[in-house]
Amino acid sequence: FTPGRLRAVMGPSGAGKTTLLELVAGRRDVGDVSGDIAYNGVPLGAGPYDASPSDLRHCVAFVHQFDVALPTLTARETLAFAAALRLERADARARSAAVDSLVALLRLERCADTRAAQLSGGERKRLAIGAELMCQPPMLLLDEPTTGLDAVTSLTVAKALRELARAGHTVACTIHQPSVEIAALFDDLLLLWRGRVAY
């Protein structure tokens, strides 16, 4: 997964797409797995990355397929809550600036003061991405970011991911049956079949 490029991870159900991203993000420990995980070209357990995969959580954000935003909080309050948790060393002004920056980056200005329960699917998805981006991780992994969204909203989310990649983040996501317009936004494709790389 390369900085500045948007990578799609595709394959049929059960191919191992989500498992792969969870392993890379240090979010899953499964039995029958082989291979190495390297960060900036240095394998985990060597040099500056003498750590377990779970220690990568501070530099790898993972957005689950289904959002978990509290329905009673507004979009801005959700991001402020994420800032309080992830930017505990920053002062109130820095946290507020981080929230405002993400609201603008993810184009949430119109719904910033709307409760999460009243947001559209695309707005909730972008809000979930924003909460993970609060600690400015260099790598963003997303599991099916377009699930449950209509074609227009899916394209909006995909364009936001490409902009994040162009801003220097490493962005990869699993995706199922993307439209031609969304597929054209991806720079790279990783195709899995039964847990192995097919392409």
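This is a predicted model: local features need pLDDT of at least 70, side-chain atom pairs count only at pLDDT 80 or more; totals for chains, interfaces and linings use all residues.
E144 is buried, yet no salt bridge is formed. The nearest side chain of opposite charge belongs to K17 and lies 5.0 Å away, whereas a salt bridge requires a distance within 4 Å.

In the chain, E144 is found in the loop that connects β5 (139-143) with α5 (151-166). Strand β5 belongs to an open sheet of six strands, ordered β4-β5-β6-β1-β7-β8, in which the pairing is mixed. The edges of this sheet are formed by β4 (60-63) and β8 (196-197), each of which pairs on one side only. Strands β5 and β6 (residues 170-174) run parallel and are joined by five bridges; L140 has V171 of β6 as its bridge partner.

On β1 (6-10), four of the five residues are buried, so this strand is largely enclosed by the rest of the structure. Its pairing with β6 is parallel and comprises four bridges, with A8 opposite C173. Four bridges also join β1 to β7 (residues 188-193), again in parallel, and there the bridge partner of A8 is L189. Helix α5 lies across β1, β5 and β6, and runs at about 130° to β1.

Terms used:
Residues are numbered from 1 along each chain as its sequence is written. Side-chain values use heavy atoms; hydrogens and water are left out. Helices (H or I, at least four residues) and strands (E, at least two) are DSSP runs, numbered from the N terminus. Buried means under 20% relative accessible area, exposed over 50%, partly exposed in between (1.4 Å probe, protein chains only). Lys and Arg count as positive and Asp and Glu as negative; His and the chain ends are not counted. Two strands pair if DSSP finds at least two bridges between them. Contact means heavy atoms within 4.5 Å. Axes are lines fitted to C-alpha atoms, for helices over the stretch in contact, and angles run from 0 to 180 degrees between N-to-C directions.
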